[in-house]
Amino acid sequence: MLEDRLSSLRDGSLDKLAELQKRIAEEVVLEDALSYEEIKYVVGVDQAFFKKNDEEFVVSAAVLMSFPELRIQEVGVDFRKVDFPYIPTFLMFREGDSAVEAVKKVLRERTVVIVDGSGIAHPRKCGLATFVGVALKNPSVGVTKKPLYGKFEEPKRSGESKGIFDGKLIGYAYKPCARCKPIYISPGNMISPETALKVVVATIRNYKLPIPIREAHRMANREKLNYLSDFDSS
DNA sequence: GCGACAG
DNA sequence: ATCTTGTCGC
């Protein structure tokens, strides 16, 4: 079954999905829809996965926080079966719909969405964060722990950032602390690389990853355990 | 052709 | 992402 899905993807359908990504990328706006001062909230989104009877499920959690105070306002959750495998550069087809639904439940005016995945720092300029930002027509930023695409130099000092380039500036490699490896930040939609960096840095504080992402990660795992324990007892 | 490759 | 214990270091 799994092999069937993978082979059908290999034989050309991935090309069509890649074309879809290129079309979505054409809708991206890299100017700030919100100035830094206008940002009132941020939403962090992340997901957890698990298998139940040979089927795979995803739990997405979206945590709305005040900005720049970072007080939790609301949490949105989406739970569903997943049928698309993880394929590098096609992550949006596996996690995108679920992430969008979770964010929809908590989204307000003047909010920047922070996603655990690339934005335009992607071979076709269409990472998970771009998908979410275009689908919701809302400012979004992508943050990853590993680089996916683009040329950059290693930031060496704590707090230092280096541009990620693909002809032009498409994001930043940022070193959160002396012993931390860099994180990679790129605009998803409706935000500039500079503002994307500034917002993310403002949410990191003493950690490596943005606090909204950390909170979303915790919530997704919390929900995952809930579903599993409910299943067991029923 | 070979290797790289978010979560 | 997920499977998993302890452990080294700031």
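Residues are numbered from 1 along each chain as its sequence is written, with chains lettered from A and ligands numbered from 1 in the order in which they are written. Because the model is predicted, local features need pLDDT of at least 70 and side-chain atom pairs count only at pLDDT 80 or more, while totals for chains, interfaces and linings use all residues.

Strands are DSSP runs of E with at least two residues, helices are runs of H or I with at least four, and both are numbered from the N terminus; strands pair if DSSP finds at least two bridges between them.

Turning to the helices, α2 (residues 92-104) is mostly covered, with ten of its 13 residues buried (20 or more other C-beta atoms within 10 Å of the residue's own, C-beta atoms being placed from the backbone). Among the buried residues of α2 are F93, R94 and V100. In α4 (residues 193-202), P193, T195, A196, L197, V199 and V200 are buried.

Of the 16 residues around DNA strand B, Y86, L91, G117, S118 and G127 come nearest; a residue is near a strand if its C-beta atom, placed from the backbone, lies within 6 Å of it.

Notes:
Buried ≥ 20, exposed ≤ 12 C-beta atoms within 10 Å, placed from the backbone.
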